[in-house]
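Here are a few friendly notes to read alongside the model.

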Amino acid sequence: MEGWDTYGVGSDFIGMGKVNRYFLKAQDQLWRAVLELLARFEYRDHSLIFTGHSLGGAMAALAAARTVKQGYRPASAVKLYTFGQPRTGSYEFEMNYDKLGIESYRVVYASDIVPHQPFCRKDLFAPANKDGSRPCRASKDDEAYHHGVEIWYPESMKTGSLYLECLGQPKNEDMDCSDSLTFDEFLDKLNWTLDTASNMDAFVWDHKHYFDVMVSGFGKSGCSDRLIGSEPPTQSLASKVISDVWGALGKLG
């Protein structure tokens with residue numbers, strides 16, 4: 001519960017802005033081992049790829065930022081690829097992260113809810129889309145925000161599946177991608193229903209399954225057993241936007 005309890009509490013991260021205290025604490029536990037590898041002579045000319053899923057994605061982002069910000073490697077030698085990464089820091093931190101110039105992609109599957117945690121501050125003056133979602137407010141405050149480019153797979157992650165490179169507005173929180181979905185109402189404990197629980201099952205299932213791999217089972221097997229796990233729940237908010245996505249692509253063609 002520590003991560004949830006500290007979602008609204010920020011800790012300064014090497015002068016770049018505030019980040020989630022729980023994510024920073026977790027990254028600090030591994031940083032010494034990363035430093036030892038960075039210092040090894042045989043790796044001095046190697047490029048680095050930081051990657052992780054969920055909390056691991058947040059930790060990877062902080063490690064990539066620290067590696068470049070503190071001069072262990074130039075940005076040109078560092079890449080970041082994360083999967084189901086939560087919002088790791090404040091708007092200020094995320095903009096300063098982008099300025100480092102690290103090639104960074106955040107992969108999001110369908111209605112995975114974790115990339116939408118902690119909640120950003122919504123722009124209440126902006127019009128809502130048909131599902132009631134409003135854009136995240138891009139402002140210099142301590143509210144949670146994302147860095148880097150989102151890659152959204154709205155329906156499937158099988159080979160050849162549709163994905164979107166999300167370069168629209170607001171920057172890093174493109175309203176034509178997973179931010180178009182609405183999650184807030186389903187987390188309102190005062191409005192908890194059976195339909196809510198069913199949708200929550202879908203949100204969590206999407207988070208646990210990337211590229212048809214049940215991530216936790218894959219890791220526990222030593223990355224040798226591609227455990228798909230159970231079938232996904234039938235209710236998922238992603239289904240609401242699939243037809244719109246395909247329709248928009250059809251118009252572009």
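1. Searching the whole structure turns up two disulfides, a disulfide being a pair of cysteine sulfur atoms within 2.5 Å. Counted along the chain, the bonded cysteines follow the pattern 1-2, 3-4. Please bear in mind that this is a predicted model, in which local features need pLDDT of at least 70, side-chain atom pairs count only at pLDDT 80 or more, and totals for chains, interfaces and linings use all residues. Residues are numbered from 1 along each chain as its sequence is written, and side-chain values use heavy atoms, with hydrogens and water left out.

2. C120 is joined to C136, S to S 2.0 Å. The torsion about this S-S bond is about -80°, so the disulfide is left-handed.

3. The sulfur atoms of C166 and C177 lie 2.0 Å apart. Here the torsion is about -100°, so this disulfide is left-handed. Both C166 and C177 are buried.

4. C223, by contrast, is exposed, with a relative accessible area of 51%.

5. Now the packing: the largest nonpolar core has 24 residues, of which F13, F50, Y97 and I102 touch the most other members. Such a core is a set of buried Ala, Val, Leu, Ile, Met, Phe, Trp, Tyr and Cys residues joined through side-chain atoms within 4.5 Å. Apart from it lies another core of 12 residues, including V108 and W152.

Note on methods. Buried < 20%, exposed > 50% of the residue type's maximum accessible area, 1.4 Å probe, protein only.
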